[in-house]
Amino acid sequence: EIIGCVLRELRENKGLTQDQLSGLAALDRIHYSKLERGLRSPTIETVFKIAQALDMKPHEIIMLIEDKINIEY
């Protein structure tokens with residue numbers, strides 16, 4: 001759930017819909033939706049694709065997830 005929450009926040013901050021981001025990342029929209037809802041965990045390759053679509057570096061996404069995990073626990 002934490003990973004999905006971070007991905008959703010990043011997407012919304014860029015003003016993108018799930019459909020737009022999944023298209024930019026070359027991911028199936030349903031698969032991406034499941035990532036945001038915490039029903040699936042992204043592979044490293046998927047994190048790289050999402051990062052590129054968001055104009056970020058993959059480690060920035062990982063750091064945000066790590067920070068959120070530390071806050072939650």
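Start with helix 4 (residues 44–53), where Glu45 and Lys49 sit 4 residues apart, about one turn of the helix. Helices here are DSSP runs of H or I with at least four residues, numbered from the N terminus. Keep in mind that this is a predicted model: local features need pLDDT of at least 70 and side-chain atom pairs pLDDT 80 or more, while totals for chains, interfaces and linings use all residues. Residues are numbered from 1 along each chain as its sequence is written, and side-chain values use heavy atoms, with hydrogens and water left out.

Back to that pair. Glu45 makes a salt bridge with Lys49, with 3.7 Å between the closest N and O atoms. The term salt bridge means a side-chain nitrogen of Lys or Arg within 4 Å of a carboxyl oxygen of Asp or Glu. Glu45 is exposed at 54% relative accessible area, whereas Lys49 is partly exposed at 29%. The cut-offs, using a 1.4 Å probe and protein chains only, are under 20% for buried and over 50% for exposed, with partly exposed in between. By the salt-bridge rule, the count comes to 4.

Some of these bridges link up: Arg11, Glu12 and Glu36 are joined into one network through shared partners. Arg11 pairs with Glu36, the closest N and O atoms being 2.6 Å apart, and with Glu12 at 4.0 Å. Because Glu36 lies in helix 3 and Arg11 in helix 1, their pair ties together parts that are 25 residues apart in sequence. Both Glu36 and Arg11 are buried, with Arg11 at 8% relative accessibility.

Now look at the two helices themselves. Two packed helices are described by the angle between their axes and the distance between the axes. Helix 1 (residues 2–13) and helix 3 (residues 29–36) pack at about 115°, with axes 7 Å apart. Axes are lines fitted to C-alpha atoms over the stretch in contact, and angles run from 0 to 180 degrees between N-to-C directions. Helix 1 brings Gly4, Cys5, Leu7, Arg8 and Arg11 to the contact, and helix 3 brings Tyr32, Leu35 and Glu36; contact means heavy atoms within 4.5 Å. By class, that gives 4 nonpolar, 1 polar and 3 charged residues.

Finally, go to helix 2 (residues 18–24), which holds Ser22. Ser22 is buried, at 2% relative accessibility. Leaving aside residues up to four places away in sequence, Ser22 touches Leu27, Asp28, Arg29 and Tyr32.

Terms used:
Helices (H or I, at least four residues) and strands (E, at least two) are DSSP runs, numbered from the N terminus. Ala, Val, Leu, Ile, Met, Phe, Trp, Tyr, Cys and Pro count as nonpolar, Asp, Glu, Lys and Arg as charged, and the others, Gly among them, as polar.
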